[in-house]
Amino acid sequence: MSNSKKVDDFLAKLDHPLKEEMKAIRAIITANPKIEEDVKWGGPSFAYKEELATFSPRVKDAAALVFHQGALLKDEGGLLEPGPKGKAYAKIRNMGEVEANKEALEQLVNEWIELMDKK
C-alpha cells in the first residue's frame, strides 16, 4: 500500500464529525491489498491502476466518497447515487451505515479491480 502514512497524517489532523466512519470505510477499502491510497483532491484517495474513489471532507453531514468513474460500476448493493460526468457518490452518515454497507463497499472495490484488469 502506498502513502499510508500520508493518509494517516491527513486523518489525524482532519476536523470532521464523521472521521471515525471515514477511518472505518478506509479500512474496508484498503483491506484489499491491490488498492493503493494517497491524499489527492483534498482528501484520502484510493486507486487500482486508475483512480477509484476519493473522500470529500468538505461534506460535513456524511462520510462522502466520490467514485470517479462510478457509472462503470454495477453497484449491486445500491450504495451509489449517480453524479455528473460519470461520477457516483456514496454518502454514509453513521457507523451503523458503515457496517450495513461493508459488503457493498467490498463488492465495488472488487468490481473495480476486475474492470481494470480487463483493460
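Where is lysine 49 found? I looked and placed lysine 49 in the loop between S2 and S3. Strands (E, at least two residues) and helices (H or I, at least four) are DSSP runs, numbered from the N terminus.

**Ground rules.** I am working with a predicted model, where local features need pLDDT of at least 70, side-chain atom pairs count only at pLDDT 80 or more, and totals for chains, interfaces and linings use all residues. Residues are numbered from 1 along each chain as its sequence is written, and side-chain values use heavy atoms, with hydrogens and water left out.

I checked the backbone of lysine 49 and found phi near 65 degrees, a positive value in a residue other than glycine. Lysine 49 is exposed, with a relative accessible area of 59%. Next I looked up tryptophan 41, in the loop between S1 and S2. Its phi is near 55 degrees, also positive in a residue other than glycine. Tryptophan 41 is exposed, at 53% relative accessible area.

**The sheet.** I traced six strands in an open sheet, in the order S1-S2-S3-S4-S6-S5, with antiparallel pairing. Strands S1 (36-40) and S5 (81-82) stand at the edges with a single partner strand each, so one side of each has no neighbour in the sheet. Two strands count as paired if DSSP finds at least two bridges between them. S2 and S3 pair over four bridges, and phenylalanine 46 stands opposite alanine 53 in S3. S3 and S4 pair over three bridges. There, threonine 54 has valine 66 of S4 as its bridge partner. S4 and S6 pair over five bridges, and alanine 63 has isoleucine 92 of S6 as its bridge partner.

**Strand S4.** Buried or exposed? I found five of the five residues of S4 buried. Ala63, Leu65 and Phe67 point one way, while Ala64 and Val66 point the other way.

**Helices on the sheet.** H1 lies across S1 and S2, at about 50 degrees to S1. H2 touches S1, S2, S3, S4 and S6, and makes about 35 degrees with S4. Axes here are lines fitted to C-alpha atoms, for helices over the stretch in contact, and angles run from 0 to 180 degrees between N-to-C directions.

**The core.** Of its 31 residues, Ile25, Ile35, Leu65, Phe67 and Leu105 touch the most other members. Helix H4 gives the largest share, seven residues. Leaving aside neighbours within four places in sequence, leucine 105 is in contact with Ile25, Ile28, Leu65, Phe67, Leu79 and Ile92. Contact means heavy atoms within 4.5 Å.

**Aromatic rings.** How many aromatic pairs are there in the whole structure? My search gave one. Phenylalanine 46 and phenylalanine 55 have ring centres 5.9 Å apart and planes at 75 degrees, so the pair is edge-to-face. Rings of Phe, Tyr and Trp (its six-membered ring) pair if their centres lie within 6.5 Å; planes under 30 degrees apart are stacked, over 60 edge-to-face, the rest tilted.

How values were computed: Core = buried A, V, L, I, M, F, W, Y, C linked by side-chain atoms within 4.5 Å. Buried < 20%, exposed > 50% of the residue type's maximum accessible area, 1.4 Å probe, protein only.
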